[in-house]
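This report describes a structure for a reader who is new to such descriptions. Please look at the sequence and the model before reading on.

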Amino acid sequence: MSPKPLCIDQLHKTFYLGLFAPIPWARSLKLGPLNRVIRAVRGVSFEVERGEIFGLLGANGAGKSTTIKCAMGLIQPSEGEARLHGRPAHTPEARQGVGYLPESPVFYDELTPVETLELFASLCGIPAKRRKAEALKHLARVGMSGALDRPLRSLSKGMHQRVGVAQALLGEPALLILDEPLSGLDPVGRRELRDVLLEERARGASILLSSHILPDVEALCDRFAMIHQGELRHLAEMSSLATHVEQVTLSFSDASEALIQALEALGGHAKGPRARGVELTQVTLPVHAQREALALTLEHEATLTDLSADTLSLDALFERLVLNTDKRQETGGEP
Amino acid sequence: MSDAQDAQREQDTQREDTPRAPTFGATWAIGKATYHASTRSRLNLAVALFGLALFAFLKLLSDASLNQDERLLKDMGLFLTSTLCLIAMIGLSAHSLYRELERKSVFSVVSKPIPRATLIWGKALGLAMTSGLLTSLCALTWSVLAWRQGLEVSVTMYQAWYMIWCESLVVIGVGLLFGSFSTPLVSAGLTFGVTLVGRFSQDLIALYEKALRKGELTVGLDLAQLGLYVVPDLSLFNLSHAVVYGGPLPAEYILKGSLLSVSYTALCLLLAGVIFKRRDLI
């Protein structure tokens with residue numbers, strides 16, 4: 001069986017900052033601001049399967065970029081390991097066939113996009129005679145054909161981002177690791193990039209995508225992981241969100257006050273807007289109370305006009321995860 | 001054409017098109033990018049132009065001198081070329097890696113399938129090319145001045161320019177070594193210190209030997225002497241005396257200088273590569 005494109009196993013990364021950081025035995029001394037310890041990643045494990053788009057989500061400072069940098073061998077993990085196609089991530093061989101877009105990419109200001117891509121094509125080992133053609137092809141894919149010969153210092157942040165994506169696509173990598181690829185792009189640019197990523201998946205590439213822009217992640221990813229305060233909090237298939245029903249909403253055209261009160265007793269919340277001149281009452285209930293609610297509807301002989309399941313959105317899940325953790329910390333509980 | 005030949009040609013094409021593990025190509029590519037970045041930088045261009053403008057001042061000086069114009073032109077010309085090259089290379093080499101780290105442009109480069117040390121070697125190659133260009137420009141400017149004065153450019157002068165370039169290689173190596181673990185200011189200071197000590201290493205050794213004869217040795221002097229063994233003897237690269245008073249130097253001398261320059265630079269770059277490999281690129 002061929003190895004997974006990316007395997008992160010019990011990854012920990014601790015940064016030691018301050019005066020005594022370079023001395024291993026002195027790092028544990030409690031010297032206030034002179035010795036600071038930041039546990040950026042704590043026991044994160046996940047795998048990216050062949051041909052899938054995997055989303056890595058988390059708030060600012062959650063540990064996403066540190067995880068990605070460990071996966072690219074830019075940072076040595078304190079514990080655990082990252083493997084690319086079965087090889088330790090810090091070896092150059094492991095990075096063969098991997099395209100990487102760092103967060104807010106910066107290149108050599110004095111070079112043009114074509115020269116920049118030719119440089120990276122050379123680093124990818126693409127033969128000299130194919131470099132320019134590859135550079136032009138990928139720059140065209142990301143919509144940069146109009147600014148091929150302008151020095152990078154004269155380009156906008158969004159254009160730098162596009163050049164960054166283009167360099168990651170060089171050599172048709174089997175794995176793409178993209179740190180915040182959609183940030184800095186206008187809506188058209190985001191749509192174009194989404195299309196490029198879907199094309200790459202169709203080609204068979206695996207993609208690890210880190211982003212704050214949850215609707216894009218929801219639209220693109222097959223699976224996702226949520227990281228908060230350096231820990232992996234949730235790992236699931238995106239389709240599981242659609243089947244994850246937490247609440248149901250019942251709509252009545254003639255609900256009696258007694259029925260509403262009975263449903264509220266089951267944990268429901270009622271609201272009654274007028275729609276097309278008809279009194280319409282909607283009651284949202286936890287999904288476990290659905291059976292009893294239907295029985296009550298029959299008992300009160302009310303007309304049920306609609307029954308809809310409220311699925312969990314990625315946004316709601318993300319908010320709940322972050323808020324719950326912060327609340328637990330405020331009350332002194334474990335994070 | 002037979003089917004076997006067709007198949008062979010197809011195989012060859014496929015092999016050619018398959019991305020290969022980069023070797024010298026990657027170093028050359030980084031070197032070229034560094035060279036372009038250095039030569040297209042407006043700041044560097046301003047420094048180079050200022051340096052070349054100093055040669056005009058040299059012309060005024062030599063005109064004002066009494067029957068010493070040739071000696072002055074040669075001596076000062078070499079001094080200016082050497083100083084300009086060294087200052088430029090100290091600044092560029094000490095700042096080069098830090099700039100990559102600070103701007104985070106390093107992430108895109110070292111995430112490609114290349115050993116991290118390739119970046120160091122590529123930077124050194126690019127800076128060596130920049131130094132070569134700067135030395136050549138200075139030499140050209142000097143030659144124009146000499147031609148206007150009716151002087152011939154001697155073989156020793158070419159040797160001197162070549163040795164200035166060799167010296168700048170050593171400075172690039174030292175600058176990149178310090179730059180691999182410290183800030184630009186610290187690495188520039190350390191590189192300048194090494195260059196200064198290296199240039200006067202023979203005088204310092206003579207002073208030490210004098211102290212040894214007089215029995216004035218202290219622990220501090222011993223340590224200083226130890227330091228002199230580590231610092232390269234840069235006085236070897238200064239051919240001003242030979243240019244002004246002597247004839248061409250033997251090929252062995254130039255070869256010795258080249259070997260010292262290349263081996264010392266390579267050693268610095270190897271060390272820088274080892275240090276840089278262990279760094280977390282945050």
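## Chain A

In chain A, 69% of the contacts between residues at least 6 apart in sequence join residues at least 24 apart; two residues are in contact if their C-beta atoms, placed from the backbone, lie within 7 Å. This is a predicted model, in which local features need pLDDT of at least 70, side-chain atom pairs count only at pLDDT 80 or more, and totals for chains, interfaces and linings use all residues. Residues are numbered from 1 along each chain as its sequence is written, while chains are lettered from A and ligands numbered from 1 in the order in which they are written.

Chain A has 10 helices and 16 strands; helices (H or I, at least four residues) and strands (E, at least two) are DSSP runs, numbered from the N terminus. Of its 335 residues, 38% count as buried. A residue is buried if 20 or more other C-beta atoms lie within 10 Å of its own, exposed if 12 or fewer, and partly exposed in between. The C-alpha trace of chain A spans about 80 × 55 × 45 Å along its principal axes.

## Where the chains meet

In all, 29 residues of chain B are in contact with 27 residues of chain A. On the side of chain B that touches chain A, H2(B) gives the most, with seven residues. By class, this side has 15 nonpolar, six polar and eight charged residues. Here Ala, Val, Leu, Ile, Met, Phe, Trp, Tyr, Cys and Pro count as nonpolar, Asp, Glu, Lys and Arg as charged, and the others, Gly among them, as polar.

Buried residues of H2(B) include Ala26(B), Ile30(B), Tyr35(B) and Ser38(B).

## Two crossing helices

Helix H6 (residues 117-149) and helix H12 (residues 251-278) of chain B have axes that come within 8 Å and cross at roughly 145°. Axes are lines fitted to C-alpha atoms, for helices over the stretch in contact, and angles run from 0 to 180 degrees between N-to-C directions. Among the residues that meet are Trp121(B) in H6(B) and Phe276(B) in H12(B). The residues of this contact divide into seven nonpolar, two polar and one charged.

## Leu58 of chain B

Leu58(B) lies in helix H3 (residues 42-64) of chain B. Why does Leu58(B) count as partly exposed? Leu58(B) is partly exposed because 19 other C-beta atoms lie within 10 Å.

Leu58(B) touches Leu73(B), Met76(B), Gly77(B), Leu80(B) and Leu145(B), not counting residues up to four places away in sequence. Leu58(B) and Leu145(B) are 87 residues apart in sequence and, C-alpha to C-alpha, 9.1 Å apart in space.
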